[in-house]
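Trainee: I've just opened this one and could use a guided tour. Can we take it piece by piece?

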Amino acid sequence: MTKQPLAVHEVSAFNTAAASENKIHDDAVARRFGFRGGLVPGVEVYAYMAHMPVARWGRAWLEGGTADCRFLKPVYDGAVARMTATEDHEGLALRVESAGELCATGRAVLPSGRRPVPALDALSAGAPPAERPPASETSLAPGRALGITPCTIDRATLANYLDDIRETDPIYRIEGLVHPGQILRLANQALMQNVALGPWIHVGSKVRHHAAALLGEVLTLRAKITSNAVSSKGHAIVEFDAIVVADGARCVAEITHAAIWRPRQVSAAA
């Protein structure tokens, strides 16, 4: 017997990155890659999905929950994205559907016990270079450390972001909490601030929360590339592990992040 969804959440998707230097979010460029238009960023699709575990477990999930997501098909600007959560013995099975297609899958869990928090120096602190090298097998080699410019999310930034992702849960505004989608955005910055990329695509992430990030805290990210290989479909995919740190003192989250940094269409054209 097929289980019925525990909850449904719908949003009118919004492409927050239409003006980004990642031109996979630009309508004209995305169409050259075979898409119908610019892609809504995967980190925003994840933000839509994160509504479900927060609705189920509240702040407890933001302080100790886990999630994974895999992006299968694009979500387009203005289209309705429909998130469903089905409860099972492990947690919530998540799905995102849009325009009649399954666009993303994932799982969210609130573990019964607390996971060990990694030491802040478990990963080396990298710093963005003054001049970014082109993305390549060398500049994205396994073992390389990645870092970001420290950032602080204030109340105005949070409010604009919540509007962009159509978030309706009041917990972030009331309790002054950074949204998990904003945490995952930092992993994108680890790529964008360290190498000069062409059109690229976020394909999936795993997130392990250890503490809620608070407005006004200085957020940094430490990351190490773990693999860079060409998939069976011809895409060059980079994967890295990361730790998000608040005020230099607290580990907020661990992230494993994967992205196509060189789509096969680029290799074919070359």
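Trainee: Is Arg107 buried, exposed or partly exposed?
Mentor: First, a caution: this is a predicted model, where local features need pLDDT of at least 70, side-chain atom pairs count only at pLDDT 80 or more, and totals for chains, interfaces and linings use all residues. Residues are numbered from 1 along each chain as its sequence is written, and side-chain values use heavy atoms, with hydrogens and water left out. Buried means under 20% relative accessible area, exposed over 50%, and partly exposed in between (1.4 Å probe, protein chains only). Arg107 has a relative accessible area of 23%, so the label is partly exposed.

Trainee: Which residue forms a salt bridge with Arg107?
Mentor: A salt bridge is a side-chain nitrogen of Lys or Arg within 4 Å of a carboxyl oxygen of Asp or Glu. Here the closest N and O atoms are 3.7 Å apart. Arg107 sits in strand β5 (residues 101–109), and its partner, 17 residues away, is in the loop between β3 and β4 (92–98); helices (H or I, at least four residues) and strands (E, at least two) are DSSP runs, numbered from the N terminus. That partner is Glu90.

Trainee: How many salt bridges turn up in the whole structure?
Mentor: Another one joins Arg56 and Glu87, at 2.9 Å from N to O. That pair ties helix α2 (residues 42–57) to strand β3 (residues 80–87). A search of the whole structure gives a total of 12.

Trainee: How far apart in the chain are Glu175 and Arg59?
Mentor: Their closest N and O atoms are 2.7 Å apart, in a salt bridge. Glu175 is in helix α5 (residues 171–175) and Arg59 in helix α3 (residues 59–64), and the pair links parts of the chain separated by 116 residues.

Trainee: Which residues of helix α4 are buried, and why do they count as being on the same side?
Mentor: Helix α4 covers residues 155–164. The residues you want are Leu158, Tyr161 and Leu162.

Trainee: Which residue caps the N-terminal end of α4?
Mentor: Look for a side-chain oxygen 3.3 Å from the backbone nitrogen of Ala156. The oxygen belongs to Asp154.

Trainee: Is Asn194 buried or exposed?
Mentor: Asn194 lies in the loop between α6 and β8 (201–209). Its side chain reaches the backbone oxygen of Ala190 at 2.7 Å. Leaving aside neighbours within four places in sequence, Asn194 is in contact (heavy atoms within 4.5 Å) with residues including Pro128, Arg132 and Leu146. Relative accessibility is 0%, so Asn194 counts as buried.

Trainee: How much space lies in the largest cavity?
Mentor: On a 1 Å grid over the protein atoms alone, a cavity is a set of points where a 1.4 Å probe fits but cannot get out, and lining residues have an atom within 4 Å of a point. Grid points are joined across faces, edges and corners, and a volume is the space filled by probe spheres set on the points. The search finds 1 cavity of 30 Å³ or more, and among the residues lining the largest cavity are Leu62, His179 and Val252. Its space comes to about 40 Å³.

Terms used: Polar contact = N/O pair within 3.5 Å; in protein donor to acceptor, adjacent residues only side chain to side chain. 1 Å grid on protein atoms, 1.4 Å probe; cavity = no way out; pocket = protein on both sides within 12 Å on 5 of 7 lines; lining within 4 Å.
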